[in-house]
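Visitor: I would like to know what stands behind the labels. Could you take me through them?

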Amino acid sequence: MHTYTWIFIIPFILTLAMQLWLSFRQAAHVTRHRKAVPEEFKDKINLDEHQKAADYTLAKGRFGRIELLLSSVLLLAWTLGGGLNALDQGLRHFAMGDVATGVAVILSFMLLASLIDIPATLYRNFVLEEKFGFNKLTLKTFFVDLFKNTLLSLAIGVPLIVLILWLMESAGDFWWLYAWLAITLFSLVMMWAFPKFIAPIFNKFQPLEEGEVLSRITKLLERTGFNSQGVFVMDGSRRSSHGNAYFTGFGKNKRIVFFDTLLKHLSPAEVEAVLAHELGHFKRKHVMKGLVLSMTMTLAGFAVLAALMNQLTFFNALGVEQKSTYMALLLFMLVAPVYTFFIGPIMAWWSRKHEFEADAFAAKESSAKELISALVGLYKKNAGTLTPDPLHSAFYDSHPPASIRIAHLKQVGGVE
Ligand SMILES: [Zn+2]
């Protein structure tokens, strides 16, 4: 084995061991608390609902561990096992030039990776989600989605890959700066185009009908001085009974979208409180901060890639014989998560901090009491666990655990 391979293998093992350990901790914690509903939720959630949430969390955890092991084996097979090298050597035979070979290698890799992923996705939707009554997908919708996704990824992805590889080949020492600019511009265009041109390929959007919900929302938007291009209802129930609400777009092209499943299960006052929380993310500039952070990380990533791609050692240590821009890009994207896993808790902490701020905003502009009631309703409906392991939560959860979040809401909203 190459000496430098250890720089990959050691963090790889550490990350995998940590992920498994956290998953087992979560399972043990949820199992321990399965017998009784936590005191503060006793009047709103019954034992059956609590145990369904526990079983759902345990089932997702078990499947998650299998997927984790499979993806780890695959990562080793692609790199040290010689998978990428074989792909590279095979396609180099056609002597198409660096950019064309690069596009062929990256596309073949992505195609193979998505094919390998299909059984797991089928299992997750048609066995796991189905068993707990969440799956609303039919096999037809599943394959139509897959087909649309593939076409869309090709239509958007190929020009982007060509551009990045061309910059890497020909733009000189500062290619990474240009590539970063290109990616940034591309993401902004996508954010703008998503609500109008991309989301409608997969779902139907209808303006929210007149009624108590709409009049409450209109008042809330006026009160907080928020301009949007309308409030829409999305037919999320075509795929899953999990509910959600979100904002998309930016600038003048902002839209508020509610899943039909969410509107069905919440009262108008609760819907208003949920929207006030989402507005809080906007008003407290969380969306902007998130964008700046991801731009900074992309820039750092490209800078590291620029330093690595001239070192033959980088390729050899990861099982690839010859240097190339496209293989540098592919290897970097494959192995980066092994190194970034341990900054996960910092990102999760930052996100939970934003959730508290958005909750405080909702308590001020709408109602803490209604938001609490909506949250409990959503935990119940989505079978979310009320008793996560604290360490697991610190690593992964973008939202604070239910009891902590509700305690905070009671405090800022002066709710008894
Ligand atoms: Zn939030």
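The talk below sets values against definitions.

Guide: This is a predicted model: local features need pLDDT of at least 70, side-chain atom pairs count only at pLDDT 80 or more, and totals for chains, interfaces and linings use all residues. Residues are numbered from 1 along each chain as its sequence is written.

Visitor: How do you know whether the chain agrees with a compact globule?

Guide: The radius of gyration is taken over C-alpha atoms, and the globule rule is 2.2 Å times the number of residues to the power 0.38. With 416 residues, that rule gives a value near 22 Å; the chain has 24 Å, so the two agree. Along the principal axes, the C-alpha atoms fill a box of roughly 70 × 50 × 40 Å.

Visitor: What is the count of helices and strands in the chain?

Guide: The chain has 16 helices and 4 strands. Both are DSSP runs numbered from the N terminus: helices are H or I with at least four residues, strands are E with at least two.

Visitor: Why is Val274 called buried?

Guide: A residue is buried if 20 or more other C-beta atoms lie within 10 Å of its own, exposed if 12 or fewer, and partly exposed in between; C-beta atoms are placed from the backbone. Val274 has 23 C-beta neighbours inside 10 Å, so it counts as buried. Val274 sits in helix α9. Of the 416 residues of the chain, 25% count as buried.

Visitor: What does Val274 touch?

Guide: Leaving out residues up to four places away in sequence, Val274 touches Ala245, Leu266, Leu371 and Ala374. Contact requires C-beta atoms, placed from the backbone, within 7 Å.

Visitor: What makes a set of residues a nonpolar core?

Guide: Its members are buried Ala, Val, Leu, Ile, Met, Phe, Trp, Tyr and Cys residues joined through C-beta atoms within 7 Å. The largest such core has 36 residues, and Val274, Leu275, Ala362, Leu371 and Leu375 touch the most other members. A second, separate core has 31 residues, including Val105, Ala328, Leu329 and Leu330.

Visitor: Lys285 and Ala383 both have positive phi. Is Lys285 buried, exposed or partly exposed?

Guide: Lys285 has 13 C-beta neighbours inside 10 Å, so it is partly exposed. Its phi is near 65°. Lys285 lies in the loop between α9 (268–283) and α10 (286–308).

Visitor: And why is Ala383 called buried?

Guide: Ala383 has 20 C-beta neighbours inside 10 Å, so it counts as buried. Its phi is about 50°, although Ala383 is not a glycine. The loop that holds Ala383 runs between α14 (368–382) and α15 (390–396).

Visitor: How do you know that the buried residues of α3 line one face?

Guide: In α3 (residues 83–92), Leu84, Asn85, Leu87 and Asp88 are buried. Down the axis they fall within an arc of 160°, so they line one face of the helix. That arc is of the directions from the helix axis to the C-beta atoms. Their cover includes α2 (47–78), α4 (98–131) and α12 (325–340).

Visitor: What makes β4 a partner of β2 and β3?

Guide: Two strands pair if DSSP finds at least two bridges between them. β2 (residues 231–234) is joined to β4 by 4 bridges, and they run parallel. β3 (residues 245–248) is also joined to β4 by 4 bridges, but they run antiparallel. In β4 (residues 255–259), 4 of the 5 residues are buried.

Conventions
Two residues are in contact if their C-beta atoms, placed from the backbone, lie within 7 Å.
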